[in-house]
Amino acid sequence: MSNIEYKASAATLDTAKPYNYNKRMEPAKVIRWTILFLGGVVMIMPIVFMMSTSFKWPHEIYNLKIIPDDPTIENYTYVLEDGRFYKWFVNSLIIATITTISAVIFDSLVGYTLCKFRFRGRMIVFVAILSTLMIPTEMLVIPWYLMAKDFGWLNSYWGIMFPGVMTAFGTFLMKQFFESVPDDFLEAARIDGLNEFQIWWTVAMPLVTPAISALAIFVFLGNWTAFIWPLIVTNDPELYTLPVGLTTFSVEQSVEWELIMTGAALATIPTLIVFLVFQRYIIRGVVMTGLKG
Amino acid sequence: MATVELKGLVKTFGKTEVLHGIDLAVEDGEFIVFVGPSGCGKSTTLRLLAGLDEVSSGEILIGGNVVNNLEPKERNIAMVFQNYAIYPHMSVRKNIGFGLRTSKMSKADKEKRIDEVAELLGMTDLLDRKPGQLSGGQRQRVAIGRAMVRDPLVFLFDEPLSNLDAQLRTQMRLEIKKLHQDVGTTIVFVTHDQVEAMTLADRIVIMKDGHIQQVGTPAEVYQKPVNMFVAQFIGAPSMNMLPGKKSSAGIVLNAGPTISESLNSDASGIMVGIRPNDLTPALDNEAALFEGRVKIIEPLGPETLVYVELGQHEVLATVPGRTPPKIGDTIRLKAPQEEIHFFNADTGAAIL
Ligand SMILES: Nc1ncnc2c1ncn2[C@@H]1O[C@H](COP(=O)(O)OP(=O)(O)OP(=O)(O)O)[C@@H](O)[C@H]1O
Ligand SMILES: [Mg+2]
């Protein structure tokens, strides 16, 4: 914990130090910055093309110009006036929000239990949960589908959500973070008369907000962008999520890239919001856990 | 306020037994200090009392009731931890009030109680701060405040001062003592610092390897240690121990001199213990117990500690600070007869 604090203060010191512009550029530095710059360009290009395409007319989309000759917001008007987009957007929002809340709660409950309680079979449970991380989603899709079919979950929100309401990775992450919560804290609360559930909620959870934020971002993004499973488990356009719905723009006559890119550009907005909101907590959380007795 | 009784308390972790039958009766309102070297089972005893660990065998009574099967919260005790265990995400007010969360008091009464406690600890101005904005001593005070707010039957302290610097420790020690005088609640306090034990305790419990060695007032354990361990553990610097034998003339020390004392013991070997404070320079016209060469001197200000070579052995003596001897000087040392302790060299038990 003190480690984090130390690093954080080191970082502020670094930025506080004025950069010495007179210093000659060393070759190693030039190479390093060039590589970083190229890496940055590679990562940003798809987003730039997405934005640029969303402002182009259909005839211009195979022209790789970044600034369209004749920019238009026609695509946005079209997508936003098409009722389906809202439907899918709302579907995605509901599904991603519920799975995020559910995964955060259950992953941290299970992680907390595995971390702070000693009981028979604890290691077995932990290893069993971890081992599911080694099975790729592609392999699970068919069993999930058969299961959903037999339970009658096809074409329902629950059918889309159930594989994600709890995650093995999140459980592992939370377990590791709970290690940093001293047992004293929990015992003090126990003496003060809180029950185990209250201790988890009022003492342990606030101390791992950075982990919760990171997990929330991961889970939200994962579910917001999920494609294969929602595609398989639904065939009712009313229940499509945004990524599944957007692909239907491509099957009608030809691939309408400008519309897909417009939808995709709009789809990034919630992810940006989620990231900005939770990122603050990551930073604040680090400051809080820097407290040492 | 309540009495506390431990009866034949045993604790095992897996196959290792770490407490081997602890018997102790603590009176109502008494300040009891457990002291002993690291790993002797002090914290374990305290945790059993608090109900944080389960008793392997034996009984714990608080206020005359067996509490073995009660949850920590049902025992009405409060505990202050070494690392304070105050919550960094809550304000001082919330931290102090934490102990009242489950109480049935009205909100206004709770606030009033928190203010009272803060007042008592001189923390009224700090109530809205977060622990991160407090000094070590202030954090410790919050931890004590949280324990006090519920008005428990017994306070348990586990080395609460060991994270503080020396000066603050002395100050907090005084505050805890004052607090005890004000509220009069029974306190069980754990420390490995014998000075803390001596200054705070009504009675001291000295532990070693899961056994109680001696229970007594600070004066008793200092003046009449029951064995060599207690004799050397209590008092700083530690008591000098010199091996010797019984003879018709008295106790013949291997280091030379004979102490005329007829001991009621048939021990083959005798250990003679003299505290450094009692071993002082003899005046020219006085008889000396030892005579030896000064090897090292350690000035402390009011007095100077002197390491004196006695043949194969070495003793630590105290001389007045203004007239220290020089290294290599020969020094004559005396000790009052009544301050010389004798122990059975085999069993370590005191011979009275
Ligand atoms: N949970 C546990 N499992 C196994 N052994 C333990 C456990 N807790 C304590 N012990 C052992 O019990 C013995 C007593 O420990 P305890 O913590 O009571 O010592 P202590 O007197 O408080 O020492 P210190 O001054 O270092 O705090 C030690 O040998 C320790 O290794
Ligand atoms: Mg301890």
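1. The side chains of Asp192(A) and Arg146(B) meet in a salt bridge at 3.4 Å, N to O, a salt bridge being a side-chain nitrogen of Lys or Arg within 4 Å of a carboxyl oxygen of Asp or Glu. Between chain B and chain A the count is three salt bridges.

2. This is a predicted model, in which local features need pLDDT of at least 70 and side-chain atom pairs count only at pLDDT 80 or more, while totals for chains, interfaces and linings use all residues. Residues are numbered from 1 along each chain as its sequence is written, chains are lettered from A in the order in which they are written, and side-chain values use heavy atoms, with hydrogens and water left out.

3. Arg146(B) is among the buried residues of α4(B), where buried means under 20% relative accessible area with a 1.4 Å probe, protein chains only. Helix α4 of chain B covers residues 136–148 and reaches 18 Å from its first C-alpha to its last, close to the 18 Å expected at 1.5 Å a residue; that expected span is 1.5 Å times one less than the number of residues. Helices here are DSSP runs of H or I with at least four residues, and strands are runs of E with at least two, numbered from the N terminus.

4. The helix is mostly covered, with 11 of its 13 residues buried. These buried residues pack against α9 (183–191) of chain A, and also against elements of chain B that include β6 (77–80), α3 (107–121) and α5 (166–183).

5. Turning to the interface as a whole, 27 residues from chain B and 18 residues from chain A take part in the contact, which means heavy atoms within 4.5 Å. The two chains bury about 2100 Å² between them, 66% of it on carbon and sulfur atoms; buried area is the accessible area (1.4 Å probe) that two parts lose on being put together, summed over both. In chain B, Lys73(B), Pro88(B) and His89(B) lose the most area to chain A, together 26% of what that side buries.

6. Thr45(B) is buried, with a relative accessible area of 1%, and, leaving aside neighbours within four places in sequence, Thr45(B) is in contact with Leu6(B), Leu9(B), Leu19(B), Phe34(B) and Met207(B).

How values were computed:
Buried means under 20% relative accessible area, exposed over 50%, partly exposed in between (1.4 Å probe, protein chains only).
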